[in-house]
Amino acid sequence: MANLLSLFRRPKSRPGGYLLIKRWGAGFWSDVDMVVTHLLAADLMQRKPIVQWGTEGPYANGTADTFDLYFEPVSDTLASDLSGSIYPTNWTNSNLLDELPFPHTGEIHEIFGGYHLCGEKGLVPKSDRLFRFLRHREEDIVVVYCWQDANRILRRSPRRRATMQDLRIEMMRDRIILKPELQDQIATYRATNLDGHPVMSVHLRGSDKVYENSLLNAQNEAAFALSRDWIEGDGRNLIFLATDTARYVNRWKEAFGEDRVRLQNCLRSEHETPNFLREGSDGYRNGCEVILDTYIAAGCDRFVGNSSSTVARYVAAIGQFPPDRLHWLDQ
């Protein structure tokens, strides 16, 4: 009987070691979700977290690690300093800094019309990606490169009643810190364009998001009515419009006037192709545009967005709006 029970007994995770967090590859804030989720996992595993997004991808500059372009390191150890035993076993000391432990296929997504790194990971076995398997490993380095449901990890923690949004709020406040030069750009934009005015930020996703949320365009219509009421409510009121779609910019400016609608000078799409897949787009510029839109919107007095968008979820998490100043278009 003792031998039989030992087959089902899981070893306890030993303190120490590292959790190397790769990028998921399905959008900027989706990659940050990957970090948020696995910072919690690292705490529960008693491992030091290291984020390594690599030098490739739609938000990279081809030289520096992409996470480090935008955020401060989450620990004092570099991925390049790591050595030792590794799990999953398809990662080795020779490929540890690569995006994948197997060759890229370069397969184009049938619906979205482009290559997404996350699409390469569909056949990764559960034992190589789920927290319930990874947390008990005793190797020096555990590598995470697949998305996990943070709620399942939270249920295995002392914070069983917390949600993913609670986790975003905590991590963006305490653990994921924006680079000073980006903080300065955000402060400069606000001082130049928004200070002295009540501002409602409106985030409208278009482009490829319509494939994920078939009701998106109809839900976005509610934002137009809310914007009209806001503009008519006080002559000082402004709208900060964050959108990836040019037609929303044109419509809001035509309806409310260019002097009442503020926005970044961004690359925007005329159709359903995501901006970062456009030929010739600059990766670092793509990332900065997402960052600035998110943080500027988070600093406004009110926020209107769609909870199906990870961008909007991060605006809400960073801004920590009270319920009467946060309006979800899909709820």
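This is a predicted model: local features need pLDDT of at least 70, side-chain atom pairs count only at pLDDT 80 or more; totals for chains, interfaces and linings use all residues.
In soluble globular proteins, nonpolar side chains tend to be buried together. Here the largest nonpolar core has 77 residues, and the members that touch the most others are Phe 28, Trp 29, Val 32, Tyr 70, Phe 71, Ile 176 and Ile 291. Helix H2 gives the most to this core, namely 12 residues. Apart from it there is another core, this one of 17 residues, which includes Ile 231, Tyr 248, Trp 252 and Leu 329.

Which residues does Trp 29 contact, once we leave aside its neighbours within four places in sequence? The list is Phe 71, Met 172, Val 290, Ile 291, Thr 294, Tyr 295, Thr 310, Val 311, Tyr 314 and Ile 318.

As background, an α-helix has 3.6 residues a turn, so residues three or four places apart point the same way.

Now to the aromatic rings, of which the structure holds 19 pairs. A pair of aromatic rings is described by the distance of the centres and the angle of the planes. For Phe 67 and Phe 71 the centres are 5.2 Å apart and the planes stand at 35°, so this pair is tilted, and both residues are buried. The rings of Phe 224 and Phe 256 likewise form a tilted pair, with their centres 5.2 Å apart and their planes at 35°. Because Phe 224 belongs to helix H8 (residues 216-233) and Phe 256 to helix H9 (residues 246-256), this pair ties together parts that are 32 residues apart in sequence. Phe 224 is buried at 17% relative accessibility, and Phe 256 is buried at 12%.

In another place, Arg 313 lies over the face of Trp 328, at 4.8 Å from the ring centre. There is also one aromatic cluster that includes Phe 28, Trp 29, Phe 67, Tyr 70 and Phe 71, as well as Tyr 295 and Tyr 314.

I will end with the backbone. Most residues other than glycine have a negative phi, and most peptide bonds are trans. Where does Gln 46 lie, then, with its positive phi of about 55°? Gln 46 is in the loop between H2 and strand S2 (48-51), and with a relative accessible area of 47% it is partly exposed. Gln 320, which is not a glycine either, has a positive phi of about 50°; Gln 320 is found in the loop between H11 and strand S9 (326-328) and is partly exposed, at 42% relative accessibility. Lastly, Tyr 87 and Pro 88 are joined by a cis peptide bond, with omega about 0°, and Pro 88 lies in the loop between strand S3 (86-87) and helix H4 (131-134).

Note on methods:
Residues are numbered from 1 along each chain as its sequence is written. Side-chain values use heavy atoms; hydrogens and water are left out. Helices (H or I, at least four residues) and strands (E, at least two) are DSSP runs, numbered from the N terminus. Buried means under 20% relative accessible area, exposed over 50%, partly exposed in between (1.4 Å probe, protein chains only). A nonpolar core is a set of buried Ala, Val, Leu, Ile, Met, Phe, Trp, Tyr and Cys residues joined through side-chain atoms within 4.5 Å. Contact means heavy atoms within 4.5 Å. Rings of Phe, Tyr and Trp (its six-membered ring) pair if their centres lie within 6.5 Å; planes under 30 degrees apart count as stacked, over 60 as edge-to-face and the rest as tilted. A charge sits over a ring if NZ of Lys or CZ of Arg is within 6 Å of the ring centre and within 35 degrees of the ring normal.
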